[in-house]
Amino acid sequence: MAQTAILQPTEAMLWKLYVRSVWRNKGLGRRMIEETIRRLPPGVAVLRTEYYAANERAGMFYRKLGFVFDFIEEPSYQGQKVRSAYLRLALPSDR
Ligand SMILES: CC(C)(COP(=O)(O)OP(=O)(O)OC[C@H]1O[C@@H](n2cnc3c(N)ncnc32)[C@H](O)[C@@H]1OP(=O)(O)O)[C@@H](O)C(=O)NCCC(=O)NCCS
């Protein structure tokens with residue numbers, strides 16, 4: 001499962017990338033990111049994503065795919081502060 005939104009003509013956001021546990025570490029997450037990028041409108045030059053900062057496995061996965069750290073945000077959710085890490089991936093112009 002993966003969800004994307006076009007934020008502005010040059011930027012898109014990826015949320016909720018999820019591979020069922022029995023299918024993990026078989027290349028599906030990488031393929032979903034590649035397919036997401038392939039489906040983006042041509043003018044999109046940056047793909048952003050966000051994950052709970054405590055989810056170190058997600059952070060390692062995204063970094064392996066070339067995403068770089070952008071910023072940390074700590075919004076409140078149901079009275080609790082949630083630490084979210086935002087990453088970005090520059091997309092090649094000839095994709
Ligand atoms: C994060 C997630 C989507 C990765 O999907 P996946 O199908 O297991 O990942 P892949 O098998 O495609 O791995 C792609 C690359 O990342 C690397 N990687 C994957 N998980 C990793 C981890 N925990 N630590 C380090 N590297 C990791 C793989 O080694 C692979 O590298 P390679 O292609 O050079 O061999 C999956 O683990 C998942 O659904 N997790 C729970 C939900 C989640 O955390 N989503 C993301 C935040 S919303």
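## Overall fold

Along the sequence, the protein follows the order β-β-α-β-α-β-β-β-β. That makes two helices and seven strands, where helices (H or I, at least four residues) and strands (E, at least two) are DSSP runs numbered from the N terminus. This is a predicted model, in which local features need pLDDT of at least 70 and side-chain atom pairs count only at pLDDT 80 or more, while totals for chains, interfaces and linings use all residues. Residue numbers start from 1 along each chain as its sequence is written.

The C-alpha atoms fill a box of roughly 45 × 35 × 20 Å, taken along the principal axes. Of the contacts with a separation of 6 or more, 54% are between residues 24 or more positions apart; two residues are in contact if their C-beta atoms, placed from the backbone, lie within 7 Å.

## Strand pairing around β7

Strand β7 (residues 84-90) runs antiparallel to strand β3 (residues 46-52), and seven bridges join them. Two strands pair if DSSP finds at least two bridges between them. In this pairing L47 stands opposite L89 of β7.

Strand β4 (residues 68-73) also pairs with β7 in the antiparallel sense, over five bridges. Here F69 has L87 in β7 as its bridge partner.

Buried residues make up 12% of the 95 residues. A residue is buried if 20 or more other C-beta atoms lie within 10 Å of its own, exposed if 12 or fewer, and partly exposed in between, with C-beta atoms placed from the backbone. In soluble globular proteins, nonpolar side chains tend to be buried together. In this model the largest nonpolar core has five residues: Y51, Y62, F67, A85 and L87. Such a core is a set of buried Ala, Val, Leu, Ile, Met, Phe, Trp, Tyr and Cys residues joined through C-beta atoms within 7 Å.

F67 lies in the loop between α2 and β4 and counts as buried because it has 22 C-beta neighbours inside 10 Å. Leaving out residues up to four places away in sequence, F67 touches T49, Y62, L87, R88 and L89. The C-alpha atoms of F67 and R88 are 5.2 Å apart, although 21 residues separate them along the chain. With neighbours within four places again set aside, L87 is in contact with R48, T49, Y62, F67, V68, F69 and D70.

## Ligand shell

The shell around the ligand has 18 residues, of which R24, G29, R30, R57 and M60 come nearest. A residue is near a molecule if its C-beta atom, placed from the backbone, lies within 6 Å of it. Helices α1 (28-39) and α2 (56-64) each supply at least two shell residues, and α2 gives the most, with five.

By type, the shell divides into eight nonpolar, four polar and six charged residues. Ala, Val, Leu, Ile, Met, Phe, Trp, Tyr, Cys and Pro count as nonpolar, Asp, Glu, Lys and Arg as charged, and the others, Gly among them, as polar.

## Positive phi in loops

K16 is not a glycine, yet its phi is positive, near 55°. K16 sits in the loop between β2 (11-15) and α1 and counts as exposed because it has 11 C-beta neighbours inside 10 Å.

Q78, also not a glycine, has a positive phi of about 50°. Its place is the loop between β5 (76-77) and β6 (80-81). With 5 other C-beta atoms within 10 Å, Q78 is exposed.
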